Every structure is written in C-alpha cells, then in structure tokens.
Amino acid sequence: MPEEKPTYTKDQVAQNNGQNGARTWIIIRSVVYDVTDYLDEHPGGAELLGEYAGGDATRGFDDFGHSSDAVKKLKRFEIGTFDKVRH
C-alpha cells in the first residue's frame with residue numbers, strides 16, 4: 001500500500017517561499033512539490049521557479065506546455081497535497 005502523503009494549507013506552503021533559508025515549495029494542480037533541490041537544474045532557471053515559490057504554479061506550468069518527461073520528473077519532488085478547503 002502506498003504511503004499517504006500529508007496535506008498542506010496555503011499558509012504552510014507560503015512559508016516555504018525560498019526566502020531566508022526556507023525550502024522552495026510550489027503547488028501544481030493541488031499537489032505540493034518541494035523543488036528546492038531542483039532550482040539549479042531547472043532549464044528555465046531558478047529565478048523562474050522562484051516567481052512561484054510558496055504559491056500556485058499551475059498556470060505557469062500549463063502555459064509553458066511542459067513535456068511528458070517534465071511531468072514525470074516532477075513526481076519525484078511531490079511531498080503532499082494542497083488543502084483547498086482550509087486555505
């Protein structure tokens with residue numbers, strides 16, 4: 001049975017905005033990802049991910065039209081789900 005991932009609130013995600021030593025978390029389609037260790041590898045640069053740090057990156061992710069390989073790679077950074085109800 002797969003391990004159940006935690007659910008995070010908007011405030012919890014916002015605290016992980018990459019500032020002052022914080023991790024860099026983003027939300028894409030109600031899934032929370034910790035992309036801290038991917039910042040330097042991201043083809044668009046760390047600054048691009050930083051624009052969405054601590055918030056919802058769904059529109060930016062979808063607008064760019066990422067490949068299926070990028071979507072697969074994203075899975076390894078998944079840490080939980082976003083709690084839309086308690087945001």
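**Pocket, sheet and salt bridges**

At least two residues of the lining of the largest pocket come from each of β2 (25-28), α2 (46-50), α3 (58-64) and α4 (68-75); helices (H or I, at least four residues) and strands (E, at least two) are DSSP runs, numbered from the N terminus. The model is predicted: local features need pLDDT of at least 70, side-chain atom pairs count only at pLDDT 80 or more, and totals for chains, interfaces and linings use all residues. Residues are numbered from 1 along each chain as its sequence is written, and side-chain values use heavy atoms, with hydrogens and water left out.

The sheet is open, with five strands in the order β1-β5-β3-β2-β4 and mixed pairing; two strands pair if DSSP finds at least two bridges between them. β1 (7-8) and β4 (55-56) stand at the edges with a single partner strand each, so one side of each has no neighbour in the sheet. Strands β3 (residues 31-34) and β5 (residues 78-82) run antiparallel and are joined by three bridges. Y33 is placed opposite E78 in β5.

Five salt bridges are present, each defined as a side-chain nitrogen of Lys or Arg within 4 Å of a carboxyl oxygen of Asp or Glu. One of them joins K75 to E78, with the closest N and O atoms 3.1 Å apart. K75 is exposed at 52% relative accessible area, whereas E78 is buried at 18% (buried, under 20%; exposed, over 50%; partly exposed, in between; 1.4 Å probe, protein chains only). In another, R23 and D34 meet at 3.0 Å, N to O. R23 is partly exposed at 35% relative accessibility, and D34 is buried at 14%.
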